[in-house]
Amino acid sequence: MSVVADVIVIGAGIVGAACALAMQQEGLRVTLIDAASPGCGVTAAGMGHLVALDETDEELDLCLLSLGLWKDFMRAHPAVGEPSHCGTLWVADNEHQLAEAQARATRLSQRGWNAESLSGAQVSRLEPALRPGLAGGVRVFGDSVVYPPAVAHFLASELVRRGGSLRLGQAVVRIGNGFVVLTGDERVAAKHVVVATGVEVAKLLPEVPVFARKGHLLITDRYPGRLGHQVVSMNYGQASARADALAVAANVQPRPTGQWLVGSCRQDGQRDTSVDPAVLRAVLRSAIELLPCLGDMQIIRSWAGLRPASPDGKPLIGPHPGRAGVWLAVGHEGLGVTTAFASARLLTDQMVGRPGPLDASPYDPGRFLALWSQSNAE
Ligand SMILES: Cc1cc2nc3c(=O)[nH]c(=O)nc-3n(C[C@H](O)[C@H](O)[C@H](O)COP(=O)(O)OP(=O)(O)OC[C@H]3O[C@@H](n4cnc5c(N)ncnc54)[C@H](O)[C@@H]3O)c2cc1C
């Protein structure tokens with residue numbers, strides 16, 4: 001057995017890579033292991049929208065903590081992940097959505113995250129590509145966009161530059177008591193094992209109730225100057241998919257290249273990443289309804305990814321309730337890029353026994369203990 005680390009982090013997606021670096025910054029010796037390479041899981045399949053979502057208080061708390069840490073990160077490393085400070089424009093189709101948009105603007109502003117509610121005319125002036133006749137919306141100034149796999153790659157490289165260890169192309173096949181077993185039967189020991197394997201977590205820990213929520217995206221050719229903000233329909237929400245149902249809400253991101261990245265949809269009960277043309281059509285239709293000129297733009301690529309979702313919509317960040325020394329950072333659904341740094345902060349604080357910047361109990365994996373005991377008994 002090679003004893004190499006205080007902490008082994010399994011999974012170098014955006015979440016695991018952020019955890020590994022945060023733990024190293026505490027002076028812990030960290031080994032980061034990935035079956036493939038940094039950021040090549042669902043981190044490479046998403047939109048990279050850094051967004052203050054406020055469907056629940058806990059969600060907003062985690063987003064705001066993380067967005068603050070993202071700001072620090074971008075200040076220190078301005079070129080990493082091609083950040084674009086485009087903000088978000090949430091658009092409302094009708095009076096009901098407009099009331100929700102206004103409530104969002106108030107909620108975010110009260111928490112210090114600058115947002116203003118807009119009339120239909122103001123929305124049209126801000127983004128002339130939007131179809132006329134919208135009820136209004138809310139502009140969120142501080143939201144931004146990054147290219148997540150590049151950030152995960154950078155975080156993993158930083159870990160190595162600061163003396164940490166990175167093992168790529170090696171899957172962990174089993175977690176033992178104080179060690180992990182890699183393909184080829186090599187054992188690596190550590191006091192703490194952090195599992196950040198995204199949607200694959202159940203392969204190592206079958207009791208963890210993280211499931212796949214599929215999403216399709218497509219990207220256009222380059223059309224610089226047509227869109228300034230990430231434009232999202234007020235229909236958009238993390239929790240809107242049901243088993244085998246397809247939830248679609250227009251979500252269009254202007255890339256620094258002038259391309260449009262177009263989503264989004266949610267589908268449960270699917271485990272493969274094949275592209276379904278019927279789903280793509282539904283995603284495109286809803287985006288074209290909002291931004292009609294998209295209908296004349298060239299689509300050059302499409303793909304699908306699996307969001308790691310949890311039964312109550314919150315990530316699992318904290319100690320495994322049944323296995324000493326094992327920690328979880330999984331289940332971030334459609335907010336894992338946004339909330340990666342906050343997840344790393346909360347987990348690191350718990351590991352070193354320091355009070356965190358916010359109450360971590362809503363994300364405690366122990367909340368699923370009853371569910372786990374039940375599945376063990378069956
Ligand atoms: C269509 C779509 C759009 C999205 N848009 C956004 C967005 O705009 N904003 C946002 O914040 N989030 C978004 N997300 C969600 C975000 O992409 C995820 O929440 C986030 O990437 C999860 O990161 P992760 O590190 O947990 O998982 P992953 O990126 O999947 O990383 C897990 C890593 O673990 C490794 N691994 C797995 N098993 C093992 C093993 N046994 N041994 C070793 N390594 C292993 C994998 O190789 C992988 O690299 C989107 C997702 C999708 C699908």
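**Notebook: loops, sheet, domains and ligand shell**

**Entry 1. Asp-185.** I located Asp-185 in the loop that runs between strand E10 (179-182) and strand E11 (187-195). The model is a predicted one, and I read local features in it only where pLDDT is at least 70. I then looked up the backbone of Asp-185: its phi is positive, about 75°, although the residue is not a glycine. Is Asp-185 buried or exposed? I counted 8 other C-beta atoms within 10 Å, and because the limit for an exposed residue is 12 or fewer, Asp-185 is exposed.

**Entry 2. Glu-82.** I looked up a further residue with positive phi. Glu-82 is not a glycine, yet its phi is about 45°. I placed Glu-82 in the loop between helix H2 (57-76) and E4. For its surroundings I found 14 C-beta neighbours inside 10 Å, so Glu-82 counts as partly exposed.

**Entry 3. Ala-189.** I went on to strand E11, where Ala-189 lies.

**Entry 4. The cis peptide.** I noted a cis peptide bond between Gly-263 and Ser-264, with omega at about -10°. Ser-264 belongs to strand E15.

**Entry 5. The open sheet.** I traced the sheet next. In what order do its eight strands stand? I read E5-E6-E4-E13-E14-E15-E12-E16, an open sheet with mixed pairing. At the edges I found strand E5 (115-119) and E16, each of which pairs on one side only.

I then followed individual pairings. E5 pairs with strand E6 (residues 136-140) in the antiparallel sense, over five bridges. Within E6, Gly-137 stands opposite Leu-118. I also looked for helices on the sheet. Helix H3 (residues 95-110) packs on it and touches strand E4 (88-92), E5 and E6; the direction of H3 makes about 155° with that of E5. Helix H7 (residues 277-290) lies across E4, E12, strand E13 (230-233), strand E14 (246-254), E15 and E16. I noted that H7 runs at about 55° to E14.

**Entry 6. Strand E4.** I examined E4 by itself. E4 and E6 are joined by five bridges in the antiparallel sense, and Leu-89 has Arg-139 as its bridge partner in E6. E4 also pairs with E13, here in the parallel sense and over four bridges. The bridge partner of Val-91 in E13 is Ser-233.

How many residues of E4 are buried? I found five of the five, so E4 is largely enclosed by the rest of the structure. Side chains of a regular strand alternate between the two faces of the sheet, and I therefore checked each side. On one side I listed Thr-88, Trp-90 and Ala-92, and on the other Leu-89 and Val-91; all are buried, and both faces of E4 are covered.

**Entry 7. The two domains.** I looked up the domain assignment, which gives domain 1 (2-46 + 148-209 + 312-377) and domain 2 (85-143 + 211-309). Their C-alpha centres lie 30 Å apart. Domain 1 gives 12 residues to the contact and domain 2 gives 10 residues. On the domain 1 side that touches domain 2, I recorded five nonpolar, six polar and one charged residues.

**Entry 8. The ligand shell.** Which of the 42 residues around the ligand come nearest? I recorded Gly-13, Gly-41, Gly-46, Gly-198 and Gly-336. By class, I noted 20 nonpolar, 18 polar and four charged residues in the shell.

I also asked which elements supply the shell. Helix H1 (14-24), strand E2 (30-34), strand E12 (211-220), strand E15 (260-268) and strand E16 (299-309) each give at least two residues. Domain 1 and domain 2 each contribute at least three residues to the shell around the ligand.

Notes
Residues are numbered from 1 along each chain as its sequence is written. This is a predicted model: local features need pLDDT of at least 70, side-chain atom pairs count only at pLDDT 80 or more; totals for chains, interfaces and linings use all residues. A residue is near a molecule or strand if its C-beta atom, placed from the backbone, lies within 6 Å of it. Ala, Val, Leu, Ile, Met, Phe, Trp, Tyr, Cys and Pro count as nonpolar, Asp, Glu, Lys and Arg as charged, and the others, Gly among them, as polar. Domain bounds come from an automatic or database domain assignment. Two strands pair if DSSP finds at least two bridges between them. Two residues are in contact if their C-beta atoms, placed from the backbone, lie within 7 Å. Axes are lines fitted to C-alpha atoms, for helices over the stretch in contact, and angles run from 0 to 180 degrees between N-to-C directions. A residue is buried if 20 or more other C-beta atoms lie within 10 Å of its own, exposed if 12 or fewer, and partly exposed in between; C-beta atoms are placed from the backbone.
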